[in-house]
Amino acid sequence: MRLAAAVHLDIKAAVFLEAFAAAGAEVAVVSADPSTTRADVAAYLAHRMEVFGTGAGHESSPAERCLAWEPTHTLEMGADITTAAVERGYDGLRAGIEVTRSGINRLHRLSPSHPVFDLDRVPLKNHIHNRYGVGISTWQAFTSRTHLSLHGNLVVVVGYGEVGAGLARAASAFGGRVLVAEESPERRLIAEYEGFETGTVASLAPRADILVTATGREGAVSKEVLAELAAGCFLINAGHSPREIALDVLGTGTELLPHLTSHRPFGKEILLLSGGHIANLSAGDGDSLNAFDMTAALMVNAVGWMSEHGGRYAAGVHPLPPDAWEGSIENY
């Protein structure tokens, strides 16, 4: 196996990446987002495997450079390598695994020539990592970087999947007043049964002191929504991709504190955390070690299963079968 892993290069990534190499795979790593890459982790891994996307700005397409390495399998957070493979007509991939909802949404718009397995929908990842890990660590990053608590603030959570539900519950526990913006009538009803006022993002955003996105969809917060935010509103992305927010409207802004910038695109101030990149990793330390252990176990088990069984499936996106991940509970 020549495994290309597009992941966030924080300290926890080194553990599972080295596990693949120890099991016999050749491993190449692509940074899923330069803003979440720890330089010391990248330097450490570079002595053990190929690392792309951590250079000084000259790597215009790390995913394409990784394809030149000729991988046979992928493990991705965001589907950058698979997207590049489809665009370039690279047919050397036999199977892949996608870990994020934004990556799965992206893959559904493509026609990959190999099978890709959806790890995000695995219950242990969706319920434990997404709900309990991201929800808590996002607010930890916010409070540590702004030196503010949530007490008395009206928090609008955009999206009520497992990440959004975790954000809403944690924000409420930390003293915030929470509203939920959700397009799906079913998820709105679930949020209402859990005690949250709901509505559309357009109707709720003007009331927000803090607006946080967790949809996995590009353009969830549009220019029109940004224009209606109240002066001094904090804007945070908890999803994998900064494309959830129309960031080009905001411009570069002025740094107020590390990871916090002030923008005035409409004559009133909007405060952006960590440039709109995934907040818990780019402005904080990401999920706790014990919470991420479960996700790491899932990835290790899933890659092991893929090495034996992945190539038997047709091209396209597939659920990850239970026999690919059930052993993670015992490993954990």
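On a 1 Å grid over the protein atoms alone, a cavity is a set of points where a 1.4 Å probe fits but cannot get out; lining residues have an atom within 4 Å of a point. Grid points are joined across faces, edges and corners, and a volume is the space filled by probe spheres set on the points.

This is a predicted model, in which local features need pLDDT of at least 70, side-chain atom pairs count only at pLDDT 80 or more, and totals for chains, interfaces and linings use all residues. Residues are numbered from 1 along each chain as its sequence is written, and side-chain values use heavy atoms, with hydrogens and water left out.

**Cavity**

A search of the whole structure finds one cavity of 30 Å³ or more. The largest cavity has a volume of about 90 Å³. Its lining includes Arg106, Arg109, Arg217, Glu218, Arg243 and Glu244. Gly78, Ser102, Asn105, Gly216, His240 and Ser241 also line the largest cavity. By class, the lining has no nonpolar, six polar and six charged residues. Here Ala, Val, Leu, Ile, Met, Phe, Trp, Tyr, Cys and Pro count as nonpolar, Asp, Glu, Lys and Arg as charged, and the others, Gly among them, as polar.

**Helix packing**

Helices (H or I, at least four residues) are DSSP runs, numbered from the N terminus. Axes are lines fitted to C-alpha atoms over the stretch in contact, and angles run from 0 to 180 degrees between N-to-C directions. Contact means heavy atoms within 4.5 Å.

| Helix pair | Angle | Axis distance |
|---|---|---|
| α1 (residues 11-22) and α2 (residues 39-46) | about 20 degrees | 9 Å apart |
| α1 and α12 (residues 289-309) | about 25 degrees | 10 Å apart |
| α6 (residues 123-146) and α12 | roughly 160 degrees | within 9 Å |

Angles under 35 degrees count as roughly parallel, and those over 145 as roughly antiparallel. α1 is therefore roughly parallel to α2. α1 is also roughly parallel to α12. α6 is roughly antiparallel to α12.

A crossing is left-handed if the near helix is turned anticlockwise from the far one by less than a right angle, and right-handed if clockwise. α1 and α2 cross in a right-handed sense. Ile11, Ala14, Leu17 and Glu18 of α1 meet Val41, Tyr44 and Leu45 of α2. That contact has six nonpolar, no polar and one charged residue.

The crossing of α1 with α12 is right-handed. Lys12, Phe16, Ala19 and Phe20 of α1 contact α12 residues including Leu289, Phe292 and Val303. The classes are nine nonpolar, no polar and one charged.

α6 passes α12 in a left-handed crossing. Leu124, Lys125, Ile128 and His129 of α6 touch Phe292, Met294, Thr295 and Leu298 of α12. Five nonpolar, two polar and one charged residues make up this contact.

How values were computed
Helices (H or I, at least four residues) and strands (E, at least two) are DSSP runs, numbered from the N terminus. Angles under 35 degrees count as roughly parallel, over 145 as roughly antiparallel, 65 to 115 as roughly perpendicular and the rest as oblique. On a 1 Å grid over the protein atoms alone, a cavity is a set of points where a 1.4 Å probe fits but cannot get out, and a pocket is an open set with protein on both sides within 12 Å along at least five of seven lines; lining residues have an atom within 4 Å of a point.
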